[in-house]
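Please read the following report alongside the sequence and the coordinates. It moves from each chain as a whole to the places where parts meet, and then to single residues.

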Amino acid sequence: MILLGLLAAIFTILTAGLGVALSIFARTGRLNLIECTCLGWLLGSGIVSLLLWVCGTFCSGLALQTIVTIACLALGIVGWRARQHVTARFVLPSPANVTEWLLTILVLGEIAILFFVSLKHTLGWDGLLNWEIKARYAFLNGGVIPQSYYSSGGRAFSHPEYPLGIPFTELWLYLWMGEPHQFWVKIIFPLFYAAGALLLALLTARLSGKRWVGLLIASLLPFVPSISASPGGIVVGYVDVPISVFYLAALGYLLCWSANNALCSIVAFAACAAFLPWIKSEGVLLWFVLALLGLTMSLSKHRVGPFLVSIAPGLLIILGWRLYLKLVLIFPHSDFSHPTFSLLRGNFGRLADIGSILLAELGETVHWSIFWLLVAVAVVYLFASRKLEKILLAMAVLLPIAFYSLIYLFSTWPSYTAHMTSSVSRLLLHVMPAGWLAIGLALTQPKDQNRHL
Amino acid sequence: MENRIGPVEVNRSIDVYVRALIGIERGSEKLPDTFRRLPKAGPLIIFVRNENSQSEFLGMMIGYLSWPREVQLVTVATPTVEKELAEVNRDSVAGLVFCSVNPPAWLEKRVRLGSGIVLVPLAETAP
């Protein structure tokens with residue numbers, strides 16, 4: 001029964017997400033099955049968790065589960081009918097030569113290994129005490145986080161102010177399995193990895209025009225130790241890999257929109273970017289970076305109107321969650337002060353320490369191998385290309401790192417260096433797949449552009 | 001924390017951590033059972049050692065497992081807690097939990113929950 005429940009939970013998530021993905025891409029007449037399934041998982045987890053949160057304000061228990069299930073099935077039906085309406089056909093891209101076959105087998109093998117490793121590992125410290133705890137308490141309360149949790153000062157260690165994207169995806173599995181099963185719930189993390197690896201391959205191939213480059217980049221993804229090992233890797237059930245996949249997808253579709261001006265690309269961007277603040281608080285910064293870069297690009301291409309519409313869903317989620325916290329959260333968050341100019345001036349002296357800790361982390365081969373060295377070379381190539389899209393891609397890697405470092409100017413920990421040392425490696429994970437996308441696109445620069453170096 | 005695949009248990013992560021931290025099996029069942037026997041009213045005060053990650057993690061794990069009871073985590077800088085205990089109004093508290101912290105010698109009715117963890121109920125426990 002537990003396994004049936006688990007399958008039903010995953011099926012409903014995929015149905016909701018696939019429905020939205022089919023609606024987005026139906027008008028193109030060609031539906032890439034892998035792309036739709038990967039987006040289906042990302043969007044499905046976002047939609048289900050949002051629905052649980054919103055519907056949980058007026059119902060709970062079986063009624064909540066039934067309403068969300070019906071909504072998932074309805075989205076699936078709407079997507080299917082949209083596909084039928086324009087007679088779009090499904091396409092399963094297959095490797096064209098021996099190299100592509102070998103790389104495909106490698107990517108699929110790596111995904112299988114990460115499923116195995118994830119199930120062999122327990123949830124990590126934060127995975128259990130920051131994220132799963134919310135799913136468990138909500139499960140014990142009929143699918144709704146009790147008000148007393150938000151007002152419990154003694155449980156401030158679990159960060160009640162963190163958004164519910166991943167905890168409520170876990171909750172959905174718990175509701176269907178009928179118990180808070182900590183073994184099977186870990187399955188969602190390799191699913192995010194699988195979606196991320198395949199989307200990385202697709203988006204790199206699409207933007208570079210070379211499928212083998214996309215497959216090569218996707219096959220290199222797990223060779224960065226941080227993605228599979230502590231701290232923050234998928235095996236410990238943290239949200240850093242899932243948010244990195246949403247960031248990759250949103251960035252990739254923004255770049256596709258820049259290249260093709262297709263409605264489906266900007267809608268896919270809007271959907272993926274909207275969930276960034278719903279996965280982790282730092283997602284607001286990632287969303288802001290994408291909004292800034294997208295605005296720059298849309299201004300230069302005279303497409304400001306559609307772009308402004310595309311960032312509205314994300315803004316709605318940010319404001320909605322802030323409002324909710326104001327209504328329910330009794331005690332303040334204490335890791336960072338509210339940023340002010342006087343505080344900035346007062347803590348400006350921290351910059352040297354922050355810079356040296358960042359450099360030390362980027363050069364930490366145990367966490368990153370030579371990944372950041374490759375990114376640095378790629379960023380130089382992208383800037384040297386003098387093409388707006390490539391410069392924006394380089395900025396999409398650099399800006400989050402800069403913002404993430406600067407937030408420690410406002411750290412309230414007794415030792416801001418200890419704060420940064422303990423968390424910056426996880427924050428850097430957020431831009432890691434985007435870094436691979438940058439490497440992939442730098443690899444495929446035409447020769448006539450390289451001569452400017 | 002590494003383990004082999006399986007057994008496929010509901011509270012797999014909690015049990016592995018509790019076993020590693022305080023050496024008891026099926027901690028996800030035993031610890032909440034113990035806390036349920038405390039008086040219904042009143043919070044649980046959990047003492048943890050400052051800059052001792054094992055003690056802090058254990059304290060948070062106790063906070064996690066004692067839901068829905070209100071908890072209060074008190075971080076102490078010294079191995080004894082005389083000063084911090086003096087500030088606790090023990091009439092309104094269900095129990096005290098000491099995680100890698102030594103309870104004062106005069107505190108009676110100690111219950112050793114596992115290695116390095118002691119519970120002191122502060123009122124009559126339920127049967």
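## Chain B as a whole

Among contacts in chain B between residues at least 6 apart in sequence, 64% join residues at least 24 apart, where two residues are in contact if their C-beta atoms, placed from the backbone, lie within 7 Å. This is a predicted model, in which local features need pLDDT of at least 70 and side-chain atom pairs count only at pLDDT 80 or more, whereas totals for chains, interfaces and linings use all residues. Residues are numbered from 1 along each chain as its sequence is written, while chains are lettered from A and ligands numbered from 1 in the order in which they are written.

Chain B has 4 helices and 5 strands, where helices (H or I, at least four residues) and strands (E, at least two) are DSSP runs numbered from the N terminus; read along the sequence, they follow the pattern α-α-β-α-β-α-β-β-β. The radius of gyration of chain B, taken over C-alpha atoms, is 15 Å, close to the 14 Å that the globule rule gives for 127 residues, so chain B is as compact as a globular protein of that length; the rule itself is 2.2 Å times the number of residues to the power 0.38. Along the principal axes, the C-alpha atoms of chain B fill a box of roughly 45 × 35 × 20 Å. Of the 127 residues, 42% count as buried, a residue being buried if 20 or more other C-beta atoms lie within 10 Å of its own, exposed if 12 or fewer, and partly exposed in between, with C-beta atoms placed from the backbone.

## Chain A as a whole

The secondary structure of chain A comes to 24 helices and 2 strands. A compact globule of 453 residues would have a radius of gyration near 22 Å, and the 21 Å of chain A agrees with this. The C-alpha trace of chain A spans about 65 × 60 × 45 Å along its principal axes, and 52% of its 453 residues count as buried. Among contacts in chain A between residues at least 6 apart in sequence, 78% join residues at least 24 apart.

## Confidence

The model scores ipTM 0.91 and pTM 0.94. The mean pLDDT (the predictor's confidence in each residue, from 0 to 100) of chain A is 93, and 97% of its residues reach 70 or more; chain B averages 86, with 92% of the residues scoring at least 70. Over residues 447–453 of chain A, pLDDT stays under 50, and for this stretch the model has 5 contacts beyond four places in sequence.

## Where the parts meet

In the interface between the chains, 25 residues of chain B are in contact with 20 residues of chain A. On the side of chain B that touches chain A, helix H1 (12–22), helix H3 (53–65) and strand E2 (71–76) of chain B each supply at least two residues, and H1(B) gives the most, with 5 residues. By class, that side of chain B has 15 nonpolar, 5 polar and 5 charged residues; Ala, Val, Leu, Ile, Met, Phe, Trp, Tyr, Cys and Pro count as nonpolar, Asp, Glu, Lys and Arg as charged, and the others, Gly among them, as polar.

Within chain A, the domain assignment, which is automatic or from a database, gives domain 1 (248–332) and domain 2 (334–453). The C-alpha centres of these two domains of chain A lie 20 Å apart, and 15 residues of domain 1 are in contact with 15 residues of domain 2. Helix H11 (240–260) and helix H14 (283–300) of chain A each supply at least two residues of the side of domain 1 that touches domain 2, and H14(A) gives the most to that side, with 7 residues.

## Local features

At 1.5 Å a residue, the 21 residues of helix H8 (residues 188–208) of chain A should span 30 Å, and its end C-alpha atoms are 30 Å apart, which agrees; the expected span is 1.5 Å times one less than the number of residues. H8(A) is mostly covered, with 20 of its 21 residues buried, and just after H8(A), A:Gly209 takes a positive phi of about 80°.

A:Thr87, although not a glycine, has a positive phi of about 45°; A:Thr87 lies in the loop between H3 and strand E2 (89–91) of chain A and is exposed, with 8 other C-beta atoms within 10 Å. In chain B, the peptide bond from B:Trp67 to B:Pro68 is cis, with omega near 10°, and B:Pro68 has its place in the loop between H3 and E2 of chain B.
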